[in-house]
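Hi,

Here is the structure I said I would pass on. Have a look first, and my notes follow below.

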Amino acid sequence: MPLMAITRPVSRSINNCALSFHPRQPIDVAKAIVQHTAYQDCLTALGVQVISLAVEPDLPDAVFVEDPAVVVDEIAIISIMGTPSRRPEARSLARALSGYRPIRQLTGPATLEGGDIIRVGRSIFVGLSQRTNREGYCQLHDILGDYRYQVQSIDVGACLHLKSACSYIGNNSILINRSLVNPEPFRGFELIDVADEEPAGANALLVKDVVIMPASFPKTRALLEQRGFCVQTIDLSELQKAEAGVTCTSLIFNHRMEFA
């Protein structure tokens with residue numbers, strides 16, 4: 001099935017984004033827009049069909065479309081984000097996804113953000129973080145359990161999301177910073193440690209057989225290439241000031257033509 005990616009342009013108000021772990025720095029909005037366009041072009045060049053939603057000028061974090069939803073082959077689950085100011089982002093995303101999947105909604109007091117979700121086949125790992133609580137995990141567990149997914153939780157305390165600490169990069173491998181997350185739930189996977197000098201380098205996006213990662217982590221890139229991974233880098237310097245990684249600015253899923 002062809003891959004689709006939902007994206008959204010950078011909001012002019014991105015300097016008012018929510019921050020949890022990074023000190024606030026001025027974001028060059030024009031440069032961030034150029035970088036995000038290059039990111040979308042990268043996805044297109046890899047054969048992904050990119051669907052760009054309308055800009056949300058008054059929602060500073062709206063470019064981070066991964067967080068309001070979890071999409072699997074059977075359904076899309078609209079979450080309640082842990083940052084209350086971001087919750088309006090879900091409305092337009094739900095409308096867009098309804099053309100491709102049946103929609104389920106989490107209910108309060110659950111909170112859950114897509115950055116805390118790693119999917120490997122029918123295994124789902126859910127980070128319990130500042131943004132995703134246990135009730136969010138339990139509701140997701142129950143919904144996806146109906147479709148025979150194996151869902152387990154992982155405590156995340158020292159970074160924003162689970163995907164800030166580790167990512168699935170193909171070949172049964174997890175790119176990980178073990179100082180940020182307990183590696184035990186990933187037993188059975190090949191664990192590849194980020195370069196010591198690049199503690200934020202664990203967020204990577206697997207598209208087909210290509211690992212996309214920020215250009216700011218050259219030593220981690222070299223480690224992956226030495227192991228035979230095909231790596232493509234992009235400049236995300238401005239969006240990284242908003243605690244972004246390469247996964248959070250797209251929501252990628254298989255296009256089920258029979259539903260559309």
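Helices (H or I, at least four residues) and strands (E, at least two) are DSSP runs here, numbered from the N terminus. Before you go on, note that this is a predicted model: local features need pLDDT of at least 70, side-chain atom pairs count only at pLDDT 80 or more, and totals for chains, interfaces and linings use all residues. Residues are numbered from 1 along each chain as its sequence is written, and side-chain values use heavy atoms, with hydrogens and water left out.

Back to that pair. Strand β12 (residues 205–207) runs antiparallel to β13, with three bridges in the pairing (two strands pair if DSSP finds at least two bridges between them). The hairpin they form has two residues between the strands, and Lys-208 takes a positive phi near 60° there.

β13 also pairs with strand β14 (residues 230–234), this time in the parallel sense over five bridges. To get from β13 to β14, the chain passes through helix α5 (residues 218–226) in a right-handed β-α-β crossover (with the strands pointing away from the viewer, the path from the first strand over the helix to the second runs clockwise).

So how covered is β13, residues 210–214? Five of its five residues are buried (under 20% relative accessible area; exposed is over 50%, partly exposed in between, with a 1.4 Å probe and protein chains only). Val-210, Ile-212 and Pro-214 lie on one side, Val-211 and Met-213 on the other.

Cheers
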